Amino acid sequence: MIRPFGWNEFWIIVFAAQWTIALSAIAFAGGGLGGLFIALARVSDVKWPRRLATGFIRVFQGTPLLMQLFLVFFGLNIFGFGINPWIAAAIALTLHASAFLGEIWRGCIEAVPSGQREAATALGLRYYNRMRYVILPQASRVAVAPTVGFLVQLIKGTSLAAIIGFTELTRQGQIINNATFSPFLVFSTVAAVYFVLCWPLSVLARRMELRFSRATTR
Amino acid sequence: MYDFNFEPVLAGFDKLLFGAWLTIQLSCAAMVLGLVLSVLCAWGKTSGVAPLRWLIDAYIEVIRNTPFLVQIFFIFFGLPSLGLRLTPNSAALLALVVNFGAYGTEIIRAGIESIHKGQVEAGTALGLSKLQVFRYIIMKPALRTVYPALTSQFIYLMLTSSVVSAISADDLAAAGNDLQSATFASFEVYIVITLMYLAMSMGFSVVFSAIEKAAFKYPLSR
Amino acid sequence: MTEVKADAPAAAKRGASDTVSPWAVRMEGVNKWYGEFHALKDIELSVNPGERIVICGPSGSGKSTLIRCINQLETIQKGRIVVDGHDLTAGGKNVDIVRQETGMVFQQFNLFPHMTVLENCTLAPMKVRGASRADAEKTARKYLERVRIPEQAEKYPAQLSGGQQQRVAIARALCMNPKIMLFDEPTSALDPEMVKEVLDTMIDLAREGMTMLCVTHEMGFARQVADRVIFMDRGEILEVGAPDEFFGNPKNERLKVFLGQIA
Amino acid sequence: MTEVKADAPAAAKRGASDTVSPWAVRMEGVNKWYGEFHALKDIELSVNPGERIVICGPSGSGKSTLIRCINQLETIQKGRIVVDGHDLTAGGKNVDIVRQETGMVFQQFNLFPHMTVLENCTLAPMKVRGASRADAEKTARKYLERVRIPEQAEKYPAQLSGGQQQRVAIARALCMNPKIMLFDEPTSALDPEMVKEVLDTMIDLAREGMTMLCVTHEMGFARQVADRVIFMDRGEILEVGAPDEFFGNPKNERLKVFLGQIA
Amino acid sequence: STAAAQTVESIKSAGTVKIGMLVDFPPFGIMNTSNEPDGYDADVARLLAKEWGVKVQIVPVTGPNRIPYLQSNQVDLLVASLGITEERAKSVDFSQPYAGISIGVFGAKDIKVSKPEDLSGKTIGVARASTQDTGVTSIAPQDARIQRFDDDATAIQALLSGQVQLIGVSNVVAAQIEKAAPGRFDQKLQLSQQVQGIAVRKGSAGLLTAVNAFVDKVKADGELGKIHEKWLGTPLPDFVANAKK
Ligand SMILES: Nc1ncnc2c1ncn2[C@@H]1O[C@H](COP(=O)(O)OP(=O)(O)OP(=O)(O)O)[C@@H](O)[C@H]1O
Ligand SMILES: Nc1ncnc2c1ncn2[C@@H]1O[C@H](COP(=O)(O)OP(=O)(O)OP(=O)(O)O)[C@@H](O)[C@H]1O
Ligand SMILES: [Mg+2]
Ligand SMILES: [Mg+2]
């Protein structure tokens with residue numbers, strides 16, 4: 001019944017990374033869009049979008065992603081909204097990533113000197129053009145590094161989707177571990193696969209940060 | 001339609017409170033020790049010799065690019081083979097410190113680098129040594145600039161600390177899991193512990209802004 | 001408190017109806033608060049088309065606030081501002097129109113660092129006025145020529161000296177064909193050797209008859225081009241006069257002290 | 001290239017042995033590169049104790065670099081710098097000693113924002129000289145009195161005006177009882193009205209006989225207090241002279257252009 | 001909503017029965033070499049489907065989420081090694097026992113434990129929410145420290161690395177310990193056997209009757225015995241075979 005850890009098991013773990021990648025991609029796409037809205041709401045001149053965004057961030061940064069996934073998936077189902085795990089994952093991960101990215105990007109938008117906004121306003125540019133051509137391009141330069149940094153955390157965070165039935169990298173490792181009882185081999189493999197996924201991103205983030213700080217220090 | 005029944009949760013609420021208390025203790029201890037580790041590593045990274053910098057870089061990269069679950073697993077099950085046997089709670093604490101240290105180092109380093117070069121020069125020109133400049137001139141303003149990043153990393157740490165239940169530490173998540181496995185009242189348990197986490201993170205936010213007001217009361221220019 | 005009439009001396013058209021305002025800028029009983037802080041107190045000021053006004057005063061006296069109200073970078077709480085016949089206080093489209101008709105130059109240049117000089121100059125004409133790229137670039141090159149840096153069009157702001165950056169900022173504002181130019185200490189962030197090149201550009205503009213309001217401490221410039229000089233302190237206009245009178249025979253006590261300090 | 005002897009005119013003690021240097025500062029054949037860029041070229045300069053030197057020149061000419069070499073905020077690649085008898089190029093403890101004996105005031109003040117004025121002034125005496133808190137505070141209050149802001153001792157830098165901040169910076173440097181004061185454009189980040197109060201403080205210091213090297217564009221100050229004025233361009237010292245001669249009868253062509261620009 | 005699939009009829013008309021099972025709980029639920037669910041529970045699930053003449057869809061679940069899967073209608077029933085207890089019976093309905101394990105407490109040879117009271121002051125590792133957990137918890141004295149891990153593999157790792165003194169596991173899994181560390185550990189206690197039931201949502205009386213009928217049948221015709229023989233190496237023990245709810 002118990003079998004040794006071999007190449008077959010190794011590849012099963014490696015291939016589970018596809019779910020990790022897919023979940024990360026969904027989270028990032030959803031969080032990117034949601035985060036932009038949250039960030040814009042947070043820097044809005046009007047009070048209520050600002051308050052709403054603040055509340056949103058409080059709740060979704062203040063509760064574990066595991067619970068968010070659980071409550072979205074099973075909660076909606078017990079209330080009779082049959083929901084497929086992909087959609088549940090997309091919703092929960094989007095909410096989670098939107099809160100974090102919204103907060104990160106707000107900081108980046110605020111890092112653009114206020115003179116830039118004023119200059120654009122004085123030229124007669126209105127909100128959309130101001131954001132589109134003046135503020136966001138500058139904010140995005142600052143944003144690349146922390147955003148990629150968050151992506152790394154997000155990739156690791158998708159392991160929590162196991163609670164709603166995804167056999168992604170970490171979960172697959174646990175399952176294989178229970179069929180082989182070779183925890184160190186199994187978890188070393190899991191760690192290595194995560195490292196291969198995340199490390200290039202970390203390096204990229206650091207490069208960007210370095211390039212940016214060089215560009216801004218005179 | 002599902003019938004909610006919170007009775008089993010209320011019956012086991014003291015266990016949840018104990019769990020929450022341990023989560024708070026673990027996270028706070030990890031924050032303080034992790035902060036010390038971060039400051040040391042950040043100092044090493046900005047002013048240390050090359051091999052030390054490489055060592056710190058390797059530490060940061062390994063920790064930041066692997067899952068916390070795996071880290072805690074290796075600490076709890078791997079260290080005994082080196083003769084170091086830790087209780088679940090102290091293994092959890094060590095793992096949290098090591099994890100927070102890696103993120104904290106990067107954050108604090110960013111803070112140090114944000115300090116205007118002129119500050120260091122002014123200290124140097126006054127005859128202060130490198131260490132004195134770091135200790136008296138850089139440290140406090142650097143911590144102030146990155147304080148928001150540090151506190152949100154802390155909240156993140158507190159929320160991810162639920163993973164320590166994997167090595168049978170008795171934190172809130174573990175208490176919740178035990179309660180739900182004994183009663184099968186899963187929804188009720190999860191809803192309650194979600195609210196407890198939310199309350200804790202809000203509570204910490206309040207505490208953090210109080211600390212910020214007390215510790216960094218000097219005004220900023222402009 | 002001390003109310004000083006700051007109207008143009010030759011206010012022959014005063015009888016004209018308010019709807020077709022003869023003034024380039026008219027401020028009536030303007031008051032502005034930042035929270036508790038009373039930043040502008042009962043400002044009365046009328047500027048004729050083509051007039052050149054220099055505003056000076058100690059730091060924090062409200063000079064920037066005053067000219068930033070003219071294009072609604074700051075909103076006022078009381079009073080009325082009419083720019084080229086458009087009542088800002090009435091709201092609506094007027095604010096947009098006024099912003100298009102006024103050009104502003106800041107102390108910190110505020111060029112867009114991610115765009116070339118040419119792109120800085122063509123952005124607003126294209127996005128606000130809907131000009132074609134070709135037209136916008138033609139206009140931009142014309143004004144870059146006028147501020148004497150046509151050869152820098154393809155560079156990024158960070159590659160220019162402070163004086164060059166400020167001249168680009170002037171050209172950028174001119175590209176919108178404004179009727180009024182507002183300057184907020186345009187030379188005070190510059191190295192001393194670069195001040196002159198920017199002042200020269202502004203003097204050129206003044207000669208061509210552009211309506212200008214300029215906050216500056218360059219008293220030489222004020223003497224040379226200003227029609228009227230205004231002294232502000234603590235949110236009030238304390239003295240207004242032609243440069244000779246203003247510098248030669250200041251009446252207000254605080255102005256005397258101030259002129260003593262910056263001499 | 002053009003070598004200009006920058007030694008003090010009355011160099012009577014020139015024969016003295018090098019070990020007991022008669023000079024407050026002596027630079028011999030000093031060269032400094034930033035990577036490829038040659039920032040200081042064969043600088044020769046000797047400053048007598050008690051002498052007041054003003055350094056001017058266009059932006060990027062190496063003025064800051066020159067005075068920052070004196071307390072080793074920058075290290076040089078070639079040549080020799082001796083400050084008050086301590087050869088910096090010999091290394092060892094000399095650098096520490098020289099830093100204690102020179103006070104420096106920067107353009108951007110560089111006060112420590114998290115410390116009160118008093119703490120700013122007592123930090124170095126306590127940590128470097130090992131003074132007791134009581135002694136350090138006594139000295140600090142004395143110098144705060146001297147720069148005429150004793151009542152600001154408990155405030156934080158951000159609560160002060162620019163002029164006040166710069167005077168604190170001067171007091172902070174004085175608290176270490178330096179033999180030589182270095183100033184790098186101490187008034188150029190100030191609002192015009194505050195320039196005078198800082199210059200007045202510096203004039204007081206000069207009257208008391210402090211050795212001073214000051215980078216500044218304030219020509220009035222130079223005329224009033226300088227024993228010698230030095231003109232730098234592109235890393236070289238191009239002209240040195242007493243103020244009357246320097247301003248009244250400049251010889252170097254680039255200096256003539258420069259004086260024309262900043263007038 | 002899928003709530004309609006709560007009767008045998010509706011399952012039959014749908015043509016598929018969705019059954020949740022653990023895949024990290026050897027030998028009851030594992031993933032085989034082709035990474036498909038297998039084990040005692042999987043075989044029982046397939047047998048049930050065959051009996052009802054429908055296709056089976058096995059849904060891998062985990063310890064923490066198996067009940068929510070059932071309660072939120074994502075599976076029709078659970079064949080997920082659920083140890084039957086009174087407390088749990090308040091949340092789900094259990095069938096009569098379809099399986100049972102003898103839980104042994106294992107530990108290093110030099111530790112002396114011969115009766116439950118000897119567990120006093122000892123650390124005992126178990127898989128959280130498992131049948132072992134239930135079994136050990138019910139007999140251990142107050143001051144025994146029960147440490148709950150995510151699964152059996154982790155609990156065994158805790159024993160091997162010395163993080164716990166004893167573990168509670170099924171006899172079958174215990175054989176693996178002997179393989180991993182021959183001669184170091186032995187069985188200390190044989191606990192009162194713990195039985196496991198198939199779970200259905202509360203109030204699905206018809207479905208429960210059908211499941212009970214199925215269990216009766218496969219016990220009687222020996223099919224269940226064969227599965228037991230295959231995965232646990234012994235015939236169906238009496239305490240399961242004779243148990244009635
Ligand atoms: N956004 C703001 N919030 C609160 N107070 C402000 C704000 N902007 C300006 N003030 C205050 O309003 C007063 C006038 O400011 P303003 O910038 O108009 O002065 P100024 O005359 O331009 O001074 P300076 O010469 O320093 O530019 C100052 O006391 C300033 O502190
Ligand atoms: N850290 C550095 N790395 C590279 N080049 C530098 C560095 N610091 C200064 N430079 C260059 O050395 C030259 C001299 O600089 P320095 O700051 O001494 O000029 P300055 O005369 O003080 O000018 P300013 O009036 O603008 O302060 C400049 O061309 C500058 O670009
Ligand atoms: Mg201003
Ligand atoms: Mg300089």
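## Ligand 1 in chain C

The model is predicted.

Side-chain polar atoms approach oxygen atoms of ligand 1 at several points. For Thr65(C) the distance to a ligand oxygen is 2.4 Å, for Ser64(C) it is 2.5 Å, and for Glu185(C) it is 3.0 Å. Ligand 1 taken alone exposes 640 Å², and the protein buries 61% of that area.

## Ligand 2 in chain D

The residues around ligand 2 are Tyr34(D), Phe37(D), Pro58(D), Ser59(D), Gly60(D), Ser61(D), Gly62(D), Lys63(D), Ser64(D), Thr65(D) and Glu185(D). Three nonpolar, six polar and two charged residues make up this shell around ligand 2. Its largest share, three residues, is supplied by helix H1 of chain D, residues 63–70.

A polar side-chain atom of Ser64(D) sits 2.5 Å from an oxygen atom of ligand 2, and one of Ser59(D) sits 2.7 Å from an oxygen atom of ligand 2. A nitrogen atom of ligand 2 is also involved, at 3.4 Å from an N or O atom in the side chain of Tyr34(D). On its own, ligand 2 exposes 630 Å², of which the protein buries 61%.

## Interface of chains B and D

Chain B brings 21 residues to its contact with chain D, and chain D brings 23. About 2000 Å² is buried between the two chains, with carbon and sulfur atoms giving 68% of this area. On the side of chain B, the residues that lose the most area to chain D are Ala125(B), Leu126(B) and Tyr136(B), together 30% of what that side buries.

One salt bridge is found across the interface of chain B and chain D. It joins the side chains of Arg68(D) and Glu121(B), with an N to O distance of 2.5 Å. Helix H6 (117–125) and helix H7 (130–160) of chain B are the elements that give two or more residues to the side touching chain D. H6(B) gives the most, with seven residues. By class, the side of chain B that touches chain D has ten nonpolar, eight polar and three charged residues.

## Interface of chains B and A

The contact between chain B and chain A draws 33 residues from chain B and 34 from chain A. The buried area is about 3100 Å², and carbon and sulfur atoms account for 73% of it. Asn65(B), Tyr156(B) and Tyr190(B) supply 20% of the area that chain B buries against chain A, more than any other three residues.

Between chain B and chain A the count is one salt bridge. Here Glu61(B) pairs with Arg206(A), the closest N and O atoms being 2.6 Å apart. Nine residue pairs are in polar contact across the interface of chain B and chain A. Helix H3 (50–64), helix H4 (68–78), helix H5 (88–114), H7 and helix H9 (186–215) of chain B each provide at least two residues to the side touching chain A. H9(B) gives the most, with ten residues. The side of chain B that touches chain A divides into 22 nonpolar, seven polar and four charged residues.

Definitions and conventions:
Residues are numbered from 1 along each chain as its sequence is written. Chains are lettered from A and ligands numbered from 1 in the order in which they are written. This is a predicted model: local features need pLDDT of at least 70, side-chain atom pairs count only at pLDDT 80 or more; totals for chains, interfaces and linings use all residues. Side-chain values use heavy atoms; hydrogens and water are left out. A polar contact is a pair of N or O atoms within 3.5 Å; within protein, one must be able to donate a hydrogen and the other to accept it, and residues adjacent in sequence count only if both atoms are side-chain atoms. Accessible areas come from the Shrake-Rupley method with a 1.4 Å probe; for residues, only the protein chains shown count as cover. A residue is near a molecule or strand if one of its heavy atoms lies within 4 Å of it. Helices (H or I, at least four residues) and strands (E, at least two) are DSSP runs, numbered from the N terminus. Ala, Val, Leu, Ile, Met, Phe, Trp, Tyr, Cys and Pro count as nonpolar, Asp, Glu, Lys and Arg as charged, and the others, Gly among them, as polar. Contact means heavy atoms within 4.5 Å. Buried area is the accessible area (1.4 Å probe) that two parts lose on being put together, summed over both. A salt bridge is a side-chain nitrogen of Lys or Arg within 4 Å of a carboxyl oxygen of Asp or Glu.
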